[in-house]
Amino acid sequence: MQKHIDIPEFVEITPTAPISASLHGGRAKCLQRLVRLDMPVPKTIALSFPTVRGIAAGNLPDLEDLVALFGPRPLLSVRPSSQDPDWGGPGAILNIGMNDARHAELTQLLGHNAADALYRRFVQSYAAHVARLDPDVFDEAEADIPVSDLLDAYEEEADEPFPQEPARQLADVLQSMARAWEGTTARLLRQAKGAPADAGLGLVVQDMALGVGPAESGSGVIQFVDGTTGLPQITGRYKSQSQGRDAVRGPDEAIYLTRDPRGPSLEELRPEVFAELIRLGDLCRTRLREEMQIEFTIHAGALSVLDAVRVVRGARAEVRIAVALAQDGVLQPEEAVMRVEPGTLPELLHRQVDPRGQRDVFARGIAASPGAATGRIVFTARAAQSSAARDEPCILVRRETSPEDIRGMHASVGVLTERGGVTSHAAVIARGLGLPCVVGASGMRLNRREKTLVADDGRVFREGDVITLDGSAGEALSGAAPLLEPALDDAFQTLLGWADAARDIAVRANADTPDEARMARAFKADGIGLCRTEHMFFEEARLTVMREMIFADGENRAAVIERLLPMQRADFIALFEIMQGTPVCIRLLDPPLHEFLPHGREGLRELADALDLSVQTVTRRVEALSEFNPMLGMRGVRLGIAVPEIYDMQARAIFEAAVSANGSGDPVVPEVMIPLVSARREVEIVKARVDAVAAAVRAETGAAFDYRLGVMVETPRAALRADEIATHSAFLSFGTNDLTQMAYGLSRDDAGRFMGSYVNQGVFAEDPFHRLDKEGVGELLMIGAERGRRGRGDVVLSVCGEHGGDPDSIAFCRSAGFDYVSCSPFRVPVARLAAARLAIAENDRIL
């Protein structure tokens with residue numbers, strides 16, 4: 001039989017009372033901390049989660065006893081106290097206990113206007129939120145309407161007089177708030193904020209600090225940092241003759257807190273109260289170890305603290321506040337690292353839409369790459385390049401992107417596509433370039449011939465119209481929205497320095513170009529974990545040579561490949577010089593050759609002109625290279641074995657570049673990676689040729705250099721046969737994008753069409769291209785890792801798909817003993833912080 005634990009129905013909040021956030025909520029616990037700091041908190045009673053559940057079911061505690069704790073004829077307030085303040089709760093109800101008799105007393109004590117204001121407020125709140133009467137009848141009541149008229153209106157609407165017994169009033173308020181929390185809408189809203197379905201609600205009943213009456217009386221809020229920047233700044237408002245958060249709701253009538261040339265301030269009006277608020281704010285910072293917003297009331301010159309909540313802040317402020325607290329000795333560096341969620345960092349790395357501005361959203365899709373940008377709409381890569389040449393920022397809008405669009409993406413400040421998912425071509429390339437990107441905006445319709453975009457709501461946008469892309473929210477906005485600049489300041493660098501000291505798994509970057517390598521270096525990646533060489537061939541001059549190679553045969557093909565060699569060598573020299581002292585893993589050519597060829601009539605004609613061939617000849621060759629399922633066809637290692645001259649050229653370029661780079665700096669040990677392997681023999685064939693090229697370069701240059709050869713594990717069979725494959729491989733790098741695609745039999749470019757529906761209906765807990773599927777794909781990783789180590793004990797294991805930047809996926813890789821993860825450069829800081837938080841949590845370095 002389960003042991004019954006006796007929990008008091010309500011308890012007064014004192015320094016030693018048994019109050020906990022998990023039983024009474026965060027507000028109750030915070031109030032206890034304020035009481036322990038000797039702050040002037042009015043008497044407060046906390047009702048536990050079980051008590052509030054009982055109230056919702058009609059089981060009320062002894063309210064006569066509760067009211068008696070506040071003395072004769074009290075006025076009370078009730079506020080919600082959920083376990084996490086972000087989960088919200090019902091609105092506060094003030095002035096409970098006001099009735100005809102109390103109104104008469106307060107009229108004598110405070111004056112007619114003050115007494116009327118207190119009674120009027122309570123009747124309006126009670127009518128709208130407790131009795132559930134038509135709120136318009138009471139919310140629109142004039143401020144100077146006689147209380148008797150308001151009471152008559154209540155009786156007419158409710159068919160009964162306004163209740164006069166304080167215990168009855170309190171009972172009704174508690175039941176209303178408890179039942180509101182249990183409602184379907186409230187439950188769905190808090191679950192959307194991360195609350196469990198059975199999250200409890202506590203309630204706090206507090207003696208009213210009136211805020212209206214003689215001398216100086218009023219209410220206000222104050223905080224001591226800016227919620228957007230995190231810099232020290234006193235902000236807030238104070239309003240005379242007001243209660244609760246009236247100063248925030250009606251700022252036009254409020255006054256400033258600090259001296260201000262624009263108007264009167266609390267600092268001038270009541271300097272002693274202002275000084276006390278400054279002292280209390282510093283006390284919160286040092287003793288509660290947090291920047292707090294204090295809600296206060298002044299009654300007849302006396303200060304009361306009603307509540308204190310964590311300052312609402314954006315990502316910039318989150319980082320700066322955590323670092324400042326640690327630098328001031330309030331927190332340990334590890335605690336500061338744990339204060340910042342990895343998912344907030346992208347807001348610092350890119351421009352963001354200013355949350356204080358207006359948002360005119362015309363399209364919604366998947367937030368594929370964070371950041372924000374404003375530019376003119378263009379519908380083709382060529383138009384994007386022309387726009388960039390005129391120095392006009394542009395947003396590339398496509399049904400979906402292909403490798404041919406890469407130059408256009410480089411020229412754009414953002415990318416918007418009608419189709420695609422988080423690992424579609426547009427998403428992956430945009431993340432690598434650091435461009436904001438929204439994919440899968442299926443509600444919009446593109447007409448390429450008329451060069452128009454029709455939005456969900458019917459609005460028509462034409463080429464040249466200005467829009468703003470919010471890649472963090474997955475939205476496209478009409479016009480030029482105000483933007484916030486990136487915040488890679490000293491606080492950001494300091495926090496990540498502390499993270500690096502704590503983490504125990506390496507973080508590399510996926511980088512294909514010198515610009516991306518420089519970004520990787522700037523974000524302090526531990527090397528390059530994936531360089532996709534195919535992206536080096538899409539520059540216009542190289543693309544023409546690549547196409548010549550595809551059309552050539554025999555000796556002619558070898559001659560064309562010779563022309564590609566110096567281009568590849570120059571690319572690799574640049575990468576090695578930028579990344580000196582760190583590893584660089586280069587993947588040999590992966591995509592099918594048809595991806596380098598045009599498909600439209602105009603593109604075929606241009607290619608025919610460039611190669612001096614007939615359009616018919618070009619068309620026949622393109623058709624001959626077409627495949628029913630190109631992603632499972634002649635690509636990766638299959639291409640390297642069928643056309644070995646390509647891999648030979650790339651290996652030579654890598655080794656000659658290493659010799660060149662080693663002569664001018666720290667030695668480079670290049671890592672050569674074979675893509676799409678599924679059998680040991682494939683590795684043996686390619687390894688033999690790569691080893692032969694290395695021997696030839698050593699002989700020709702007289703230079704000694706080392707290199708490592710490994711495999712990209714992208715097929716389920718490669719994971720299952722990893723013990724055989726590892727015998728010829730120094731490393732196994734799991735390409736989780738393709739591995740997920742093949743494990744699910746699911747096209748990552750098309751999944752966006754139905755993935756939202758699948759997640760909503762619980763088919764998948766999460767998009768498997770966004771978050772690693774631990775049960776399915778994760779099991780393949782575990783099998784591959786275990787068998788790979790069995791085949792070769794010192795084999796290096798890594799993940800180089802986009803999952804490498806996801807904190808949840810990093811946790812899986814770390815627990816499986818992987819040596820490093822690799823992700824796009826702009827996700828490197830996120831991965832560094834996530835890895836550090838995992839290590840700190842495991843080592844239990846903080847309380």
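Helices (H or I, at least four residues) and strands (E, at least two) are DSSP runs, numbered from the N terminus. The model is predicted: local features need pLDDT of at least 70, side-chain atom pairs count only at pLDDT 80 or more, and totals for chains, interfaces and linings use all residues. Residues are numbered from 1 along each chain as its sequence is written, and side-chain values use heavy atoms, with hydrogens and water left out.

View A. Helix α21 spans residues 514-522, and its buried residues are E516, A517, M519 and A520 (buried means under 20% relative accessible area, exposed over 50%, partly exposed in between, with a 1.4 Å probe and protein chains only). These residues lie on the same side of α21 because they cover an arc of only 155 degrees around the axis; the arc is that of the directions from the helix axis to the C-beta atoms. The exposed residues D515 and A522 are carried by the face turned away from the buried side. The cover over the buried residues of α21 includes α19 (425-433), β23 (506-510), β24 (528-532) and α23 (554-578), where contact means heavy atoms within 4.5 Å. Just after α21, K524 adopts a positive phi of about 60 degrees.

**View B. Helix α5 from start to end.** At the start of α5, a side-chain oxygen of N99 comes to within 3.3 Å of the backbone nitrogen of A101. Along the helix (residues 100-110), R102, H103, L106 and L110 are buried. Seen down the axis of α5, the buried residues fall within an arc of 100 degrees, so they line one face of the helix. Among the elements that cover them are α6 (112-130), α8 (147-158) and β8 (292-299).

**View C. The largest cavity.** A search of the whole structure finds 3 cavities of 30 Å³ or more (a cavity is a set of points, on a 1 Å grid over the protein atoms alone, where a 1.4 Å probe fits but cannot get out; lining residues have an atom within 4 Å of a point). The largest cavity has a volume of about 50 Å³, a volume being the space filled by probe spheres set on the points, which are joined across faces, edges and corners. Its lining consists of G640, I641, P644, Y647, D648, I685, V686, R689 and V690. The elements giving two or more residues to this lining are α26 (637-642), α27 (644-662) and α28 (680-701); α28 gives the most, with 4 residues.

How values were computed
Polar contact = N/O pair within 3.5 Å; in protein donor to acceptor, adjacent residues only side chain to side chain. 1 Å grid on protein atoms, 1.4 Å probe; cavity = no way out; pocket = protein on both sides within 12 Å on 5 of 7 lines; lining within 4 Å.
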